[in-house]
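Biologist: Let us go through the labels on this model. I will ask what each one rests on.

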Amino acid sequence: MSQPPFCWPVRVYWEDTDAGGVVYHAGYVCFLERARTEWLRAKGIVQSRLAAEHGVVFVVYGMQLRFLKPARLDDLLAVSVLPGSVRRASLLIEQSIRDAAGLELCLATVEVACVRAEDFRPCPIPEDLRKEMHV
């Protein structure tokens, strides 16, 4: 049985919008990043300690976005994180951004790589981190 996705609430502020009052396309990437960070934090993984304790960091090396509907100023959004397939040194994450009515606004597939903090070369995801992430 699979777990439900992790969800993180995000409010749309002036700084997130363009001249038309809708979220600027790059703003969605920030929302997605915040949700992935909070998903890890909810699992007990603090990214600022990964390098010190494990000698690794996670980096985004690929992202596919599909913009379906605009988000607007003051909207309350729910950004989901659902870990998918895992390889030795990478993880595929499915994400979505929905409005308060549950309407999908943006879909994302994010490829995240585990790299050594010292030289940013790919390395295996440490087993204890895999267990904490439940992937």
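Modeller: First a term: buried means under 20% relative accessible area, exposed over 50%, partly exposed in between (1.4 Å probe, protein chains only). The model is predicted, so local features need pLDDT of at least 70, side-chain atom pairs count only at pLDDT 80 or more, and totals for chains, interfaces and linings use all residues. Residues are numbered from 1 along each chain as its sequence is written, and side-chain values use heavy atoms, without hydrogens and water.

Biologist: Why is Cys 123 called buried?

Modeller: Its relative accessible area is 10%, so Cys 123 is buried. Cys 30 has 41%, so Cys 30 is partly exposed.

Biologist: What makes S3 and S4 paired strands?

Modeller: Strands (E, at least two residues) are DSSP runs, numbered from the N terminus. Two of them pair if DSSP finds at least two bridges between them. Seven bridges join S3 (residues 76-86) to S4 (residues 90-98), running antiparallel. Ser 80 has Ser 96 in S4 as its bridge partner.

Biologist: In which order do the five strands form the open sheet?

Modeller: The order is S1-S3-S4-S5-S2, with antiparallel pairing.

Biologist: Why do S1 and S2 stand at the edges?

Modeller: S1 (6-11) and S2 (56-67) each have a single partner strand, so one side of each lacks a neighbour in the sheet.

Terms used:
Helices (H or I, at least four residues) and strands (E, at least two) are DSSP runs, numbered from the N terminus.
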